[in-house]
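Please look over the sequence and the model shown here before reading on.

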Amino acid sequence: MAKNNRLVLGADGCGEGNFTSMQHHFDFLFATNPDHKQNDDNSPSHRVLLRGPNGMAFDAGAAWRKKVGPGKPNAGAIFYSIAIDDPSFSTPLNLTAFCVVPGKSKDDISEWEIVWRRPVA
């Protein structure tokens, strides 16, 4: 993966990503959540797995597939709301992934830009 703050998804909805900030840099795996409840907005659609120092992946977060609401720019567009936490973080990371290169067909990969967002109090 050449670019920073990117998520690349295959046609199956799984993929790999990376995130870089002043304090953090990590690569992650993005996997569909087998326990996802289709009609439950609180049920995460994906699990986020980080790689530990030993190379083993561990569950460190979740992602929710969402649509931009009506009346907003890009209404109806799909995005992912991502929450990642680890004991080494001072606070959980709240990220959003927006599609920047859609797949050309249902069997193609898509590329998503990841942006950090400050939690709203």
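Contact, as the word is used here, means heavy atoms within 4.5 Å. By that definition Pro-92 touches Ile-84 and Asp-85, not counting residues up to four places away in sequence. The model is predicted: local features need pLDDT of at least 70, side-chain atom pairs count only at pLDDT 80 or more, and totals for chains, interfaces and linings use all residues. Residues are numbered from 1 along each chain as its sequence is written, and side-chain values use heavy atoms, with hydrogens and water left out.

**Two individual residues**

- Pro-92 sits in the loop between strand S6 (78-84) and S7; strands (E, at least two residues) are DSSP runs, numbered from the N terminus.
- Pro-92 is partly exposed, because its relative accessible area is 43%, where buried means under 20%, exposed over 50% and partly exposed in between (1.4 Å probe, protein chains only).
- The C-alpha atoms of Pro-92 and Val-115 are separated by 14 Å, and the two residues are 23 apart along the chain.
- Asn-18 belongs to strand S2 (residues 15-20) and counts as buried because its relative accessibility is 3%.
- A polar atom of the Asn-18 side chain lies 2.9 Å from the backbone oxygen of Lys-3.

**Strand pairing**

- Strand S1 (residues 6-9) and strand S8 (residues 110-116) pair in the antiparallel sense over 4 bridges; two strands pair if DSSP finds at least two bridges between them.
- Within S8, Glu-111 stands opposite Val-8.
- Strand S7 (residues 93-101) also runs antiparallel to S8, joined to it by 6 bridges.
- Phe-98 has Glu-113 in S8 as its bridge partner.

**Pockets**

- A pocket is an open set of points on a 1 Å grid over the protein atoms alone, where a 1.4 Å probe fits, with protein on both sides within 12 Å along at least five of seven lines; lining residues have an atom within 4 Å of a point.
- The largest pocket has a volume of about 390 Å³, a volume being the space filled by probe spheres set on the points, which are joined across faces, edges and corners.
- Of the 14 residues lining the largest pocket, the closest to its centre are His-36, Ser-45, Trp-64, Arg-65 and Lys-66.
- Strand S5 (residues 57-67) gives the largest share of this lining, 3 residues.
- The second largest pocket holds about 230 Å³ of space.
- Its lining has 13 residues, of which Gln-23, His-24, Thr-91, Leu-93 and Trp-116 are the closest to its centre.

How values were computed
Polar contact = N/O pair within 3.5 Å; in protein donor to acceptor, adjacent residues only side chain to side chain.
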